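Here is a short briefing for a first look. Take in the sequence and the fold, then read on.

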Amino acid sequence: SNTTIQYPARKMRIAYVVPRLEREYVTGGVGKKILDQVKNWREADHQVTIFLHTPDKIDSPDFEYFFYSNKINILGRAISRYRAMSTLVNQVSDFNPDIIYLRNAVYTPPVHLLAKISPTILELNTIDVNEQFKRSLIDGVYILISRKILLYEVSGLLAIRFSRISR
């Protein structure tokens, strides 16, 4: 006889980490996508916390905020991002997740240390490099060089493909 063994679903603690995201994206389509995914996980009885690394003050109880300043020179901005990301990584460690979901990330040290805390899944978008080159040549080159750091550290990848529909 064929017997199917059913295992009880295991509730997980999920850390959803969102690096370097500005207000326009958090309050727009990207924010909606994040909240919809978290809603699905919560409906499946998982405990989820969203850790948002951002330069903007956003009035929403849905996120744990880690602020950095974009209103200073390039060195000050890098130091501010590093400090905010260090605090975020420490808070994720304190949360003690079973898994970390890292949204399409521009590498910000020490975000790679998340992979030392728990298995980490990195979301990749097909247009992320193009988006960075639209910002500046330096940003585009930076993502091409630095993304390898994350690719070597994470446990898995989730590829999100965007395509245009033509009529």
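Where is the place of Thr108? Thr108 sits in the loop between strand 4 (99–102) and helix 4 (114–117). This is a predicted model: local features need pLDDT of at least 70, side-chain atom pairs count only at pLDDT 80 or more, and totals for chains, interfaces and linings use all residues. Residues are numbered from 1 along each chain as its sequence is written, and side-chain values use heavy atoms, with hydrogens and water left out.

**Thr108**
- Thr108 counts as buried, because its relative accessibility is 3% (buried means under 20% relative accessible area, exposed over 50%, partly exposed in between, with a 1.4 Å probe and protein chains only).
- Not counting residues up to four places away in sequence, Thr108 touches Arg20, His53, Arg81 and Met85 (contact means heavy atoms within 4.5 Å).

**The sheet**
- An open sheet of 6 strands runs in the order 3-2-1-4-5-6, with parallel pairing (strands pair if DSSP finds at least two bridges between them; strands are DSSP E runs of at least two residues, helices H or I runs of at least four, numbered from the N terminus).
- Strand 3 (64–67) and strand 6 (156–160) are the edge strands, and each pairs on one side only.
- Strand 4 pairs with strand 5 (residues 120–125) in the parallel sense over 3 bridges.
- Leu102 has Leu122 in strand 5 as its bridge partner.

**Phe133**
- Phe133 lies in helix 5 (residues 128–135).
- Phe133 is partly exposed, because its relative accessible area is 33%.
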